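Here are my notes on the model you sent.

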Amino acid sequence: AVSSSALIMAALIATVAWPSSTPLRVLSWCAVVVAIQAGLQLLGFGYRKQSGADPDPRLWATRFARSSVVAGAVWGSAVFVLVPQDQPLTLALVSACLAGRATVSTITHAYYPPALNGFTVPIFGMREVMERHAEAHF
């Protein structure tokens with residue numbers, strides 16, 4: 001089961017971006033988000049399956065942090081993939097959605113700060129770059 005909050009947020013971002021992006025971009029981004037979220041779920045299932053066999057916590061923590069960086073980069077890419085440069089309102093709405101997604105991620109990532117940072121830094125970093133780029137053009 002993929003995180004329902006992630007699916008809801010991806011659907012919200014897709015809805016916001018749909019009028020100003022191409023259907024192929026929106027649907028492709030959504031597919032990658034679902035795949036990443038499914039991969040994170042599989043990672044969690046793998047850990048729970050290994051928990052009876054005395055898993056190496058450092059190994060699993062490293063996997064979780066690396067996976068979180070990839071997930072954060074995919075989520076953060078929405079500002080580049082889905083938002084045209086001439087759409088500051090769309091950028092603002094997608095940025096608000098991403099801020100919400102990063103906030104919700106604290107529930108699942110806060111117990112391991114490298115994973116939390118790995119997820120949120122790409123989101124806010126990409127959003128900041130795009131917002132500065134948009135400001136320079138308006």
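This is a predicted model: local features need pLDDT of at least 70, side-chain atom pairs count only at pLDDT 80 or more; totals for chains, interfaces and linings use all residues.

1. Helix 1 against helix 5.

2. Helix 1 contributes S5, A6, M9, L12, I13, V16 and A17. Helix 5 answers with T90, L93, V94, C97, L98, G100, R101 and V104. By class, the contact of helix 1 with helix 5 has 11 nonpolar, 3 polar and 1 charged residues.

3. The chain as a whole. What does the chain consist of, helices or strands? There are 6 helices and 0 strands. From the N terminus on, the order is α-α-α-α-α-α. The chain has 138 residues, and buried ones make up 38% of them.

4. Surface and contact range. The accessible surface of the chain is about 7600 Å². Carbon and sulfur atoms hold 67% of that surface. Take the contacts between residues at least 6 apart in sequence: 74% of these join residues at least 24 apart.

5. Helix 2 against helix 3. How do the axes of helix 2 and helix 3 cross? They cross at roughly 170° and come within 10 Å. That angle makes helix 2 roughly antiparallel to helix 3, because the cut-off for this class is over 145 degrees.

6. Residues in the second contact. On the helix 2 side are W29, V32, V33, I36, Q37, L40, L43, G46, Y47 and Q50. They meet W60, R63, F64, S67, V70, A71, V74 and W75 of helix 3. By class, the contact of helix 2 with helix 3 has 13 nonpolar, 4 polar and 1 charged residues.

7. V26. This residue lies in helix 2 (residues 23-50). Is V26 buried or exposed? V26 has 1% relative accessibility, so it counts as buried; the cut-off for buried is under 20%. Leaving aside neighbours within four places in sequence, V26 is in contact with A14, A17, W18, S21 and L82. One of these, A17, also belongs to the helix 1 side of the contact with helix 5. The C-alpha atoms of V26 and A78 are separated by 8.8 Å, and the two residues are 52 apart along the chain.

8. S68. Helix 3 (residues 57-76) holds S68. The relative accessible area of S68 is 0%, so S68 is buried. Which backbone oxygen lies 2.8 Å from a polar atom of the S68 side chain? The oxygen belongs to F64. Not counting residues up to four places away in sequence, S68 touches H109, A115, G118 and F119.

9. T62. Helix 3 also holds T62. T62 has a relative accessible area of 33% and is therefore partly exposed; this class runs between the 20% limit for buried and the 50% limit for exposed. The C-alpha atoms of T62 and P114 are separated by 8.6 Å. T62 and P114 are 52 residues apart along the chain.

How values were computed
Residues are numbered from 1 along each chain as its sequence is written. Side-chain values use heavy atoms; hydrogens and water are left out. Helices (H or I, at least four residues) and strands (E, at least two) are DSSP runs, numbered from the N terminus. Buried means under 20% relative accessible area, exposed over 50%, partly exposed in between (1.4 Å probe, protein chains only). Contact means heavy atoms within 4.5 Å. Accessible areas come from the Shrake-Rupley method with a 1.4 Å probe; for residues, only the protein chains shown count as cover. Ala, Val, Leu, Ile, Met, Phe, Trp, Tyr, Cys and Pro count as nonpolar, Asp, Glu, Lys and Arg as charged, and the others, Gly among them, as polar. A polar contact is a pair of N or O atoms within 3.5 Å; within protein, one must be able to donate a hydrogen and the other to accept it, and residues adjacent in sequence count only if both atoms are side-chain atoms. Axes are lines fitted to C-alpha atoms, for helices over the stretch in contact, and angles run from 0 to 180 degrees between N-to-C directions. Angles under 35 degrees count as roughly parallel, over 145 as roughly antiparallel, 65 to 115 as roughly perpendicular and the rest as oblique.
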